[in-house]
Amino acid sequence: MSTRDYNHIIYSETDSLREDAGIRDSISSNISAPLFGETNPQTRYLQWALAIFTMVLSGTTLIVACTVGTDHNIGLHVFMSLTLIGLTVTTTILALWYEEGDLHPKFLYILYSQTALLVIFSILLFIYFGMEKSKHTA
């Protein structure tokens, strides 16, 4: 091979490395952008309303768990409260990751299902604590 052939190989590899670096730079500059594009305002308002409702319901359930019937079954109250806190924290983290664009859109269904489970668990705890209160007051 001649010197010209070697120079051609060196320059073509250098050009491809520059192109790769350019692609990496353009990808890294778009990391802060959402992965799946912007959401419309109605969807965003619905997500915020659902988040506020869920947080209020979870907070109220925690207050009820700490105040109603704590003289009986304190261990069960603590266990259910810790379970509710754990479920709330993981749902909140998943929602924040989704909002930042770190999660693929298919994880939205997991987020909605986990939020539904959190609401169902809170309602279940309200029913349990209400039944426990009526059982001990009667």
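I counted the secondary structure elements and found that the protein has four helices and zero strands. The model is a predicted one. Read from the N terminus, the order of elements is α-α-α-α.

Of its 138 residues, 22% count as buried.

I then turned to the pair H2 and H3. Helix H2 covers residues 41–67, and helix H3 covers residues 74–100. Their axes lie 10 Å apart, and the packing angle is about 165°. That makes H2 roughly antiparallel to H3, because angles over 145 degrees count as such. I noted the hand of the crossing as well: for H2 and H3 it is left-handed.

Ala 51 was my entry for H2, the helix in which it is found. Is Ala 51 buried, exposed or partly exposed? Its relative accessibility is 34%, so I put it down as partly exposed. I also took the distance from Ala 51 to Thr 92: C-alpha to C-alpha it is 8.5 Å, with the two residues 41 apart in sequence.

For H3 I picked Ile 93, which is found in that helix.

Last, I checked which surface patch Ile 93 belongs to. Ile 93 is one of the residues of a nonpolar patch of about 730 Å². I listed the other members as Ile 74, Val 78, Leu 82, Ile 85, Val 89, Leu 96 and Trp 97.

Notes. Residues numbered from 1 in each chain as written. Predicted model: local features only at pLDDT ≥ 70, side-chain atom pairs only at ≥ 80, totals over all residues. Heavy atoms only, no water. Patch = residues over 30% accessible without salt bridge, like charges linked within 9 Å, V, L, I, M, F, W, Y side chains within 5 Å. Areas by Shrake-Rupley, 256 points an atom, 1.4 Å probe, with all protein chains shown as cover. Salt bridge = Lys/Arg side-chain N within 4 Å of Asp/Glu carboxyl O. Helix = DSSP H or I, 4+ residues; strand = E, 2+ residues; numbered from the N terminus. Axes fitted to C-alpha atoms, helices over the stretch in contact; angles between N-to-C directions. Parallel < 35°, antiparallel > 145°, perpendicular 65-115°, else oblique. Left-handed = near helix turned anticlockwise from the far one by under 90°. Buried < 20%, exposed > 50% of the residue type's maximum accessible area, 1.4 Å probe, protein only.
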